[in-house]
Each structure stands twice: as structure tokens, then as C-alpha cells.
Amino acid sequence: MDRRTWLKWSAAFGVAVAGLMGNGAQAQDTIKIGEMNSYKNFAAFLEPYKKGWELAVEQVNASGGLLGKKLEIVSRDDNGQPGDAVRIAEELVTREKVSFLIGTFPSHVGLAVASFAKEKKVLFIAAEPLTDKIVWDQGNKYTFRLRASTYMQTAMLVPEAAKLKKKRWAIVYPNYEYGQSATAAFKKLMKEAQPDVEFVIEQAPPLGKIEAGAVADAIAAAKPDAIFSSLFGPDLAKFVREGQTRDLFKGVEVFNLLAGEPEYLDPLKDEAPVGWWVTGYPWYAINTPEHKAFADAYQKKFNDYPRLGSIVGYATVQSAAAVIKKAGSLDTEKLVAAMKGLTHSTPLGNITYRPQDHQSTMGAYVGKIGLKDGKGIMTDWYYADGAKFLPSDADVAKMRPAD
């Protein structure tokens with residue numbers, strides 16, 4: 001090797017080493033958290049969700065970061081498939097070296113990542129999956145869940161349903177974990193509240209493949225006094241339209257989980273089913289200081305109003321930041337210990353992750369659907385505190401395996 005070649009090689013090597021050292025220094029200045037979700041599959045909810053967590057990250061870093069470092073979210077699309085989600089979780093943990101995992105939307109995907117978290121001993125904050133199994137039947141030491149569960153939201157509607165003393169109920173639900181859990185919880189809780197209740201028909205179309213006309217006809221033929229539904233998204237919109245065309249809802253009380261969320265209510269426009277009891281998010285009428293600060297910042301950044309997904313994404317990062325601050329460390333076992341009983345503020349007020357089942361006490365808004373200026377809104381609404389709609393410690397002990 002002549003002197004000129006050696007000098008070129010030496011200079012190139014020096015640049016490479018400097019680059020590697022720079023990358024190492026940069027990595028040391030960043031706390032990386034892995035996030036995965038079904039962005040393409042459930043865009044109506046998850047586009048606002050992503051904006052929510054982006055806002056929260058920006059605010060965390062503007063206030064000085066965490067443990068003297070900047071917070072970075074490494075995000076991936078899991079395609080709504082459990083296998084893809086587990087593969088991505090493995091990549092985030094081993095290749096990206098994230099400190100822990102957050103996210104997921106469909107229940108079956110959340111359960112798959114929870115199983116991965118248990119096996120690999122990594123903290124997982126499940127943002128959105130509503131399945132009760134994730135904190136009860138299949139709960140584990142490393143998994144915690146933010147949103148009010150299927151059971152909790154169903155329990156919030158049951159008191160209003162029981163007041164009506166309707167005897168003959170029809171049930172319609174998407175045939176996967178979430179819909180099955182909602183149906184089981186509703187039947188159990190209604191039987192307890194009103195022993196003479198009858199469930200005269202159940203319709204369980206595949207998620208995203210409802211034949212709404214046939215479902216509406218079948219329900220109408222059963223002549224129910226009331227309907228309990230856990231449909232959402234396009235399935236809900238099709239059911240509303242076909243049911244209204246057939247006058248299915250005239251003289252029939254209807255209760256629907258999630259239908260008051262702007263993600264699913266807004267697309268219905270003037271077809272919004274007035275009078276239905278729902279859980280949802282009346283963002284335009286919530287005047288608490290915490291919510292106003294969040295909504296103002298969100299609208300300023302994105303020039304758009306928040307959806308419930310925005311709240312979930314924002315609060316998920318709030319939980320991540322709060323547990324890092326409480327633990328004072330990125331050690332997994334210290335983070336898991338800090339998650340138990342963790343309390344922090346959110347736009348919906350303070351929440352606590354219960355030590356006994358790792359479920360947060362985040363609540364939901366309960367009310368009726370109304371119509372204003374050609375658009376669906378929530379009326380007669382109130383906030384149902386999640387802590388009041390959870391099973392007792394004794395019941396949790398029976399359902400949940402020991403950590």
C-alpha cells in the first residue's frame with residue numbers, strides 16, 4: 001500500500017469511527033420505546049391516536065425529556081395480525097433496543113404481544129385492546145392496559161339498560177374476541193340486574209364483513225324490545241343504514257358500545273341514530289382544565305379536533321413517561337414494579353394502574369346520541385369513573401393467574 005492510498009484509507013476509517021462514536025453518543029441521549037399498531041387496518045381510530053402520542057412526545061421533550069434524555073418512539077405497523085405483531089415486537093426489542101413496548105389495537109393482537117412480553121420479560125403497556133383476558137384470564141406480570149375494558153364499558157351501560165325493564169333483547173356483535181367478550185359481559189350483568197331478561201336472538205357477523213340487511217331482517221323477525229350492539233366502524237355504519245331503512249329501531253331501545261366515539265359517529269352525519277345509548281367522547285363539551293389544555297394544544301398543532309384515539313395515544317405516552325420518572329430507571333423489573341399503583345394525570349383526569357390486575361381506572365363517557373347541525377353528537381352525557389366498574393379484588397384473584 002503506497003503512502004497516498006494509506007492516507008485515504010486512514011481518513012475514511014477515521015470518518016467511519018467518528019460516525020460510529022457519534023451514533024453511540026446520540027443513542028445514549030435517547031430513550032427509545034417501541035410502538036406498534038394496526039394503522040392501515042383501523043385508520044379512523046389510529047391516525048388520531050398517532051397524532052396524540054406525537055403531541056405527548058413533543059411535550060415531554062420540550063419539558064426536558066426523561067432521566068436527562070430525549071424520548072423517541074420507534075413505531076411500526078403490525079397489519080392487524082398477531083404473527084406480524086410478535087415478529088415486530090422481537091425486532092423492536094432485539095434490533096432497535098427499545099426499553100419497552102406500547103400500543104396495539106385489536107384484542108387478538110394485544111393478547112399476542114402480551115404473551116410475547118411475558119415470555120421475553122419486557123414491559124408492555126397495551127393502549128387500546130379492550131379484551132378482558134389481557135388483564136384477567138391471561139394477565140401477566142409484564143402487561144398493563146390503559147383503556148377501559150370491554151367489561152368496564154359494558155358495565156357502564158347496564159344500569160341505564162336495566163332501568164328500562166325491557167325483557168326481550170337482541171344482541172349483535174363482531175365475531176372476534178372483543179365482540180364475544182362484550183356479549184358475555186352484557187348477558188351476565190343484565191341477568192344480575194334483571195333476572196327475567198331474555199336474549200331472543202344473537203347475530204355475530206365476521207369483523208368487517210357484515211351483511212347488514214340480512215342481520216337487520218333477522219333481528220326484526222325476533223321482535224325484540226331492545227338491542228345491545230358492539231359493532232363499530234364500517235360494520236356499525238352499514239347496520240345503522242340498513243336498520244333505519246327497515247324501521248328496525250322504531251320503538252326499540254338500542255345500546256351500542258363505542259358508537260359515541262367521533263371516529264365512528266362523525267361519518268354517519270345526519271344518519272346518526274338519535275336516542276341510542278352509547279359510550280363515546282363529547283370532546284366539544286368537556287370543560288375541565290386538563291381536557292381544555294390538551295384539546296387546545298392538539299388543535300393548535302394539527303388544526304383538527306381530537307378524537308378518542310387522540311386521547312388514547314396521548315395518555316399512553318403519558319403513562320410511559322410517568323413510569324420512567326417513578327422508576328428512575330429503564331431496568332425492566334423496576335419499571336414493572338413502578339407500574340403497579342402508578343397514578344398520573346390525563347386529559348380525562350387522574351388514572352391509576354391497579355396493582356391487583358394491571359388495569360387502569362380510565363373511564364368513559366356515557367350518554368345518548370343526538371343530532372345537531374346535521375351531525376351526530378352525544379347528549380345527556382356523564383363521565384363514568386372506571387374505578388367504579390371493575391371487579392373486586394376477590395373476583396380478580398379467581399380470574400387472574402398469579403404473576
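**Figure 1. Crossing of helices α7 and α8 in the predicted model.** Helix α7 passes helix α8 in a right-handed crossing. The residues of α7 that make the contact are A212, G213, V215, A216 and I219, and their partners in α8 are K238, F239, E242 and G243. Sorted by type, the residues of this contact comprise five nonpolar, two polar and two charged. Helix α7 spans residues 212-222 and helix α8 spans residues 233-245; the two pack at an angle of about 55°, and their axes are 8 Å apart.

Figure 2. The phi angle of K223 is near 50°, which is a positive value in a residue other than glycine. Is K223 buried or exposed? With a relative accessible area of 62%, K223 is exposed, because the term applies to values over 50%.

**Figure 3. The loop that contains K121.** Residue K121 is found in the loop that lies between helix α4 (107-120) and strand β4 (124-126). Phi is positive in K121, a residue other than glycine, with a value near 60°.

**Figure 4. Packing of helices α5 and α6.** Helix α5 consists of residues 150-163 and helix α6 of residues 177-193. They pack at an angle of about 40°, and their axes lie 9 Å apart. Helix α5 is therefore oblique to α6. The crossing of these two helices is right-handed. On the α5 side, the residues in contact are T150, Y151, T154, A155, V158, A161 and A162; on the α6 side, they are Y178, S181, A182, A185, F186, L189, M190 and A193. This contact involves twelve nonpolar and three polar residues, and no charged ones.

**Figure 5. The whole protein, for orientation.** The secondary structure comprises 13 helices and 14 strands. The radius of gyration is 23 Å, close to the 22 Å given by the globule rule for 403 residues, so the protein is as compact as a globular protein of that length. Along the principal axes, the C-alpha trace spans about 95 × 45 × 40 Å. Of the 403 residues, 55% are buried. Among contacts with a separation of 6 or more, 68% join residues 24 or more positions apart.

Note on methods
Residues are numbered from 1 along each chain as its sequence is written. This is a predicted model: local features need pLDDT of at least 70, side-chain atom pairs count only at pLDDT 80 or more; totals for chains, interfaces and linings use all residues. Side-chain values use heavy atoms; hydrogens and water are left out. Axes are lines fitted to C-alpha atoms, for helices over the stretch in contact, and angles run from 0 to 180 degrees between N-to-C directions. Helices (H or I, at least four residues) and strands (E, at least two) are DSSP runs, numbered from the N terminus. Angles under 35 degrees count as roughly parallel, over 145 as roughly antiparallel, 65 to 115 as roughly perpendicular and the rest as oblique. A crossing is left-handed if the near helix is turned anticlockwise from the far one by less than a right angle, and right-handed if clockwise. Contact means heavy atoms within 4.5 Å. Ala, Val, Leu, Ile, Met, Phe, Trp, Tyr, Cys and Pro count as nonpolar, Asp, Glu, Lys and Arg as charged, and the others, Gly among them, as polar. The radius of gyration is taken over C-alpha atoms; the globule rule is 2.2 Å times the number of residues to the power 0.38. Buried means under 20% relative accessible area, exposed over 50%, partly exposed in between (1.4 Å probe, protein chains only).
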